[in-house]
Amino acid sequence: QVQLVESGGGLVQAGGSLRLSCAASGRTFSYYAMGWFRQAPGKEREFVAAISRSGSSTDYADSVKGRFTISRDNAKNTVYLQMNSLKAEDTAVYYCAAGRYGSGRGLYDFWGQGTQVTVSS
């Protein structure tokens with residue numbers, strides 16, 4: 001069992017940056033690939049980024065490629081999402097998830113409660 005708690009969301013102007021963190025409980029953090037997803041009002045939850053268990057592989061949605069960076073620190077049981085050049089369309093609740101590496105929601109077994117990111121234009 002893994003419990004995930006996101007932090008770092010907030011209100012930022014377009015073009016600005018935020019760094020999200022997701023802290024995991026338990027001693028098995030390194031067993032899981034980690035992902036970030038987001039859900040805007042009235043839309044489906046969508047894939048943002050994923051990182052493999054060791055951190056050697058990453059994957060991104062086309063919409064965030066080149067602007068967002070996912071990373072992890074297994075010693076701190078934490079995964080990060082650095083978001084630069086933010087756009088209004090990045091506004092959403094952001095969720096971290098633990099599971100198997102990939103972009104599909106079904107690959108992930110554990111989910112956090114989410115953190116709101118609002119980008120003002």
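**Note on the predicted model: salt bridges, core and loops**

1. Arg 38 and Asp 90 form a salt bridge through their side chains, with N to O at 2.9 Å. Arg 38 sits in strand 4, while Asp 90 sits in the loop between strand 8 and strand 9, so the pair ties together parts that are 52 residues apart in sequence. Both ends are buried: Arg 38 is, and so is Asp 90. Note that this is a predicted model.

2. This pair also belongs to a network. Salt bridges link Arg 38, Glu 46, Arg 67 and Asp 90. The count of salt bridges comes to five. Side chains of opposite charge can pair when their charged atoms come close.

3. Glu 44 and Arg 105 make another salt bridge, with 3.7 Å between the closest N and O atoms. Here, too, distant parts of the chain are linked. Glu 44 is in the loop between strand 4 and strand 5, and Arg 105 is in the loop between strand 9 and strand 10, 61 residues apart. Glu 44 has a relative accessible area of 62%, so it is exposed. Arg 105 has 41% and is partly exposed.

4. Lys 65 and Asp 62 also meet in a salt bridge, at 3.2 Å from N to O. Lys 65 is partly exposed, at 49% relative accessibility. Asp 62 is exposed, at 66%.

5. Now the core. The largest nonpolar core holds 36 residues. Leu 4, Met 34, Trp 36, Leu 81, Met 83 and Tyr 94 touch the most other members. The elements that give two or more residues to this core include strand 3 (18-24), strand 4 (33-39), strand 10 (108-111) and strand 11 (115-120). Strands 5, 7, 8 and 9 are also on that list.

6. Ser 52 deserves a look. Its place is the loop between strand 5 (46-51) and strand 6 (58-60). Is Ser 52 buried or exposed? Its relative accessibility is 11%, so Ser 52 counts as buried. The Ser 52 side chain reaches the backbone nitrogen of Ser 56 at 3.2 Å. Beyond its neighbours within four places in sequence, Ser 52 is in contact with Ala 33, Ser 57, Arg 72 and Tyr 101.

7. Two loop residues have a positive phi. Asn 77 is not a glycine, yet its phi is about 55°. Asn 77 lies in the loop between strand 7 (68-73) and strand 8 (78-83). At 18% relative accessibility, Asn 77 counts as buried. Ser 85, also other than glycine, has a positive phi near 50°. Ser 85 is in the loop between strand 8 and strand 9 (92-99). Ser 85 is partly exposed, with a relative accessible area of 42%.

Technical notes. Residues are numbered from 1 along each chain as its sequence is written. This is a predicted model: local features need pLDDT of at least 70, side-chain atom pairs count only at pLDDT 80 or more; totals for chains, interfaces and linings use all residues. Side-chain values use heavy atoms; hydrogens and water are left out. Helices (H or I, at least four residues) and strands (E, at least two) are DSSP runs, numbered from the N terminus. Buried means under 20% relative accessible area, exposed over 50%, partly exposed in between (1.4 Å probe, protein chains only). A polar contact is a pair of N or O atoms within 3.5 Å; within protein, one must be able to donate a hydrogen and the other to accept it, and residues adjacent in sequence count only if both atoms are side-chain atoms. Contact means heavy atoms within 4.5 Å. A nonpolar core is a set of buried Ala, Val, Leu, Ile, Met, Phe, Trp, Tyr and Cys residues joined through side-chain atoms within 4.5 Å. A salt bridge is a side-chain nitrogen of Lys or Arg within 4 Å of a carboxyl oxygen of Asp or Glu.
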